[in-house]
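Here is a brisk report on one structure. Read it with the coordinates open.

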Amino acid sequence: MSQTFDAIILGGGPAGYVCAIRSAQLGLKVAVVERDKLGGVCVNVGCIPSKALLHSAYVANLVRHDAKTLGVTVGAVTLDFGTAIKHSRQVSDQNSKGVGFLMKKHGVTVIAGTGTLRKGKTVTVDGKTYTASKAVVIATGTRVKGLPQIGLELNKSTVISTDDALFLPMVPSSVAIVGAGAVGCEFADIFNAFGSAVTLIEVLPQILPLEDQESAAALAKSFQKRKITMMTGAKVSGANVADTSVTLDVEAGGSRRTVTVDTVLMAAGRALNTEGVGFDSAGVQLTDGGFVKVDANLRTTADGVYAIGDIAGPPMLAHKGSREGVFVAEVIAGKTPHPIRYDNIPSVTYCHPEVASIGLSEAQCKERKLDYVVGRFPFSANGRARATMETDGFVKILRDSRYGEILGAHIVASHASELIHELVVARENEYTVEEIDLAVHAHPTLSEAVAEAALDSLGRVIHT
Amino acid sequence: MATKVLMEALSPTMEEGKVLSWLKREGDTVSSGEVLAEVETDKAVMELQARGSGVLRKILAGDGATVEVGSIVGIIAAADEDIGSLLQADPSKQAPPQAEAAKPAASRPPPKPESPAMAAAATTAPPSAGRVKASPLARRLAEDRGLELAGVSGSGPGGRIVKRDVERAAIRPLPVAAGTSSGYEDVELSQIRKTIAKRLVQSLGPIPHFFLTTEVDMERAADARAHLNGLDDGPRISFNDIILKAVAAALTQHRDCNAWWLDGKIRYFNEVHLSVAVAVQDGLITPVIRNAHMKSLRQIAAESRELADRARNRKLTPEEYTGGTFSVSNLGMFDIDQFTGVINPPEAGLIAVGSIAEKPVVVDADVTVRRRMRLTMSCDHRVIDGATGARFLQTVRRMLENPLAIVW
């Protein structure tokens, strides 16, 4: 006897659970299958707990460095990573429970266990069969991975993943982080603040390889001040894993070096959860890159089966997955949702200073031979930033020289993650730099730097 | 995405159309290209086709209503799409009854300046009616390209016009030239051209026509045709095919006659796309032979036959009867000696072909009988001046009188 739903969603992460809520709002009878905790990687071992730890790192740096100048003298500072972890776990658990509450509120059935896709919009979980009358949505996401081919197999002690790092009782005295994308840079920030000697290793020529070169350089400068060692254009070619240490062979700039550390944190890429989900037998094909093959409406090659989130392709970001969840829910409910603008999804790295961007980098503008103008404004010239002693960073806007279209925007700042959205909204609605300037910005705010950068691109900057 | 169903100019001279009967009802599913309604134009009963797919949600001009070209007569949208904003967005465009006098321009809401830079441009191109929902970027692009936003259908939220809509609308009128930036050259109007245009329009109506007639000796063309048709069993070549070939070849030498009159500029084409008038049961349609200057006589013969057949069976797609750069109309088969054709805007010229008849003519001081044909060229005086048209017609005549010149 099988239970029937309108839609069954495999995976309760930010793509899956949002899809479930939107489906329920549209009157569909929905089930979410989740083998672990609701909220997925994001809530439990990703975005959310790492933000808690980054705030601990921020406070650690604040009390040690700037507090005195601000008139607050503290005694001997004691750092306790275990307590920071405990706080981060509380935040995660709270959020995961919150997702559970939302499922109840919207009447979404949560099925605990590993779902396997069968032919004909059917899913089995622990021997029980569930049938979807309208659609099955795959939102199985990704998981951490090591690099066993060069001897870096995850072992939970000397070679760890971010999943492990988020539960460490104390920071390692020295750590090498392989991969300097957003995750690698965030952990470099956390470990450094709590006293680890951090070496950040990136195979591409800059840290934050996907960000604008200027943003990466600004963060690198800040990391350098904090004595984080960075090796870019550096390839880990081998590893010797001992009981309490790891020695990495690193090739960079034609020379070979060895780096010996207590712990290696693997932060280079994630593995897709496509195995054992029954894709083959259900007729769900994968792309050459291993993602689930989807069309513009996120339909897979199997009839009535959709895919959303990380599994459906890059960028692997929670907010991209959530939007896809809403989109697919509306498609399933027979609506015609507004198409997702994949070129207008913000990317944010939450270390200090934060790095955020939308649209094209300057290198991409050059590559596409676009006729563009750059507008910049440094936070060193911003009153609010001076007041809080957070003058690192800038706003950089790339605009089309003819029409003022915002081609890309890059922010390095203490609150870049919040500042970027003015530009996200602007781009989504096709406002030009002139509309950014025409909107009056409150004084004194960090946001003024956004308006000033827009003005700078028009040759009319006021405060520099 | 909602699509406005507009009363289209279904004949070159049509300014308003009468909806005879809707073939689809509100709530019917329609797909792009399907016939929505029968419309009586100034000339004939034509079909109004769907330009988008979805559900015919609203009929704004019922059976019997007469509305101006460009008015909204219906809305096609998704079944559950909110079209309320679309209905309100453009009230003055909603099929005003014919009896209503044209509103004086002064009653229009003044254009809303977006910025000082835009204000200047806006006064030269006031929006035709009401508030148009468009993104700032779309407005700038449209302004830069001289495009009226009121005529663009929006694909953004609530039917808002966004960048891609303007980009699409900007290329729509020239499907043949899309992607080939060298396919034509836009020349901004000089002051004298503007004044000529204004004065001629005042005196002669929307298109200031003038006509040039020449008589062509068709002896050699007739011989050539007979030889060619005797060669093998390929498609039979008609006199009209030879005329088309000659006109196409001549236009490559006279680009100043291969042009469009557009609002504020003249577009000269490097490619020749010939509109060929075909009589259909209750009207006239002009399928287009694309790149006629690059096609052999045999290709032209085959293609014109095929297009004419489908025109008579009403199987032409809009792309097949739009985008021409010059027209040829032939009433020779009806024993018409000579006639003047009506220009097919935005084209600037048309050649009307009369019958070929044996006539006594003086050749080398002797009266002999020759096969003769009269060509009458209609010119849009805003684009083509008398001598310009005359030189072109002379080239056509010389080519027909010595067919080898076509390949010269």
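## Chain A overall

Buried residues account for 48% of the 464 residues in chain A. The model is a predicted one. Chain A carries 14 helices and 22 strands. Take its contacts between residues at least 6 apart in sequence: 66% of them join residues at least 24 apart.

## Nonpolar cores

The largest nonpolar core holds 144 residues. Within this core, A:I9, A:V137 and A:I177 have the most contacts. Helix 6 of chain A, residues 182-193, gives the most to this core, with eight residues. Another core lies apart from it and has 57 residues, including B:L212, B:A250, B:A311 and B:V396.

What does A:I177 touch, leaving out residues up to four places away in sequence? Its partners are A:G184, A:F187, A:A188, A:V198, A:L200, A:I201, A:L265 and A:A267.

## The loop at A:L147

A:L147 sits in a loop of chain A, between strand 7 (142-144) and strand 8 (159-160). Is A:L147 buried or partly exposed? A:L147 has 18 C-beta neighbours inside 10 Å, so it counts as partly exposed. The cut-off for a buried residue is 20 or more.

Setting aside residues up to four places away in sequence, A:L147 touches A:L152 and A:M266. A:G238 is 91 residues from A:L147 along the chain, yet their C-alpha atoms are separated by 9.8 Å.

## Helix 12 of chain A

Helix 12 of chain A spans residues 416-428, 13 residues in total. From its first C-alpha to its last, helix 12 reaches 18 Å. That is close to the 18 Å expected at 1.5 Å a residue. Just after helix 12 of chain A comes A:E430, with a positive phi of about 60°.

Which residues of helix 12 of chain A are buried? They are A:A416, A:L419, A:I420, A:E422, A:L423, A:A426 and A:R427. An α-helix has 3.6 residues a turn, so residues three or four places apart point the same way.

## Strand 6 of chain B

Strand 6 of chain B, residues 54-59, is mostly covered, with five of its six residues buried. Two neighbours pair with strand 6. Strand 3 of chain B (residues 29-30) pairs with strand 6 in the antiparallel sense, over two bridges. Here B:V30 stands opposite B:G54.

Strand 8 of chain B (residues 72-77) also pairs with strand 6 in the antiparallel sense, over four bridges. In this pairing B:L56 stands opposite B:I76.

## A three-stranded sheet in chain B

Chain B has an open sheet of three strands, in the order 9-12-11, with antiparallel pairing. Strand 9 (184-188) and strand 11 (259-262) of chain B are the edge strands, each pairing on one side only. The twist averages 20° from one strand to the next.

Strand 11 and strand 12 (residues 265-269) of chain B run antiparallel and are joined by four bridges. B:W261 stands opposite B:I266 in strand 12.

## Where the chains meet

How many residues does each chain bring to the contact? Chain A gives 11 residues and chain B gives 13 residues. On the side of chain A that touches chain B, two residues are nonpolar, four are polar and five are charged.

Conventions. Residues are numbered from 1 along each chain as its sequence is written. Chains are lettered from A and ligands numbered from 1 in the order in which they are written. This is a predicted model: local features need pLDDT of at least 70, side-chain atom pairs count only at pLDDT 80 or more; totals for chains, interfaces and linings use all residues. A residue is buried if 20 or more other C-beta atoms lie within 10 Å of its own, exposed if 12 or fewer, and partly exposed in between; C-beta atoms are placed from the backbone. Two residues are in contact if their C-beta atoms, placed from the backbone, lie within 7 Å. A nonpolar core is a set of buried Ala, Val, Leu, Ile, Met, Phe, Trp, Tyr and Cys residues joined through C-beta atoms within 7 Å. Two strands pair if DSSP finds at least two bridges between them. Ala, Val, Leu, Ile, Met, Phe, Trp, Tyr, Cys and Pro count as nonpolar, Asp, Glu, Lys and Arg as charged, and the others, Gly among them, as polar. The expected span of a helix is 1.5 Å times one less than its number of residues. Axes are lines fitted to C-alpha atoms, for helices over the stretch in contact, and angles run from 0 to 180 degrees between N-to-C directions.
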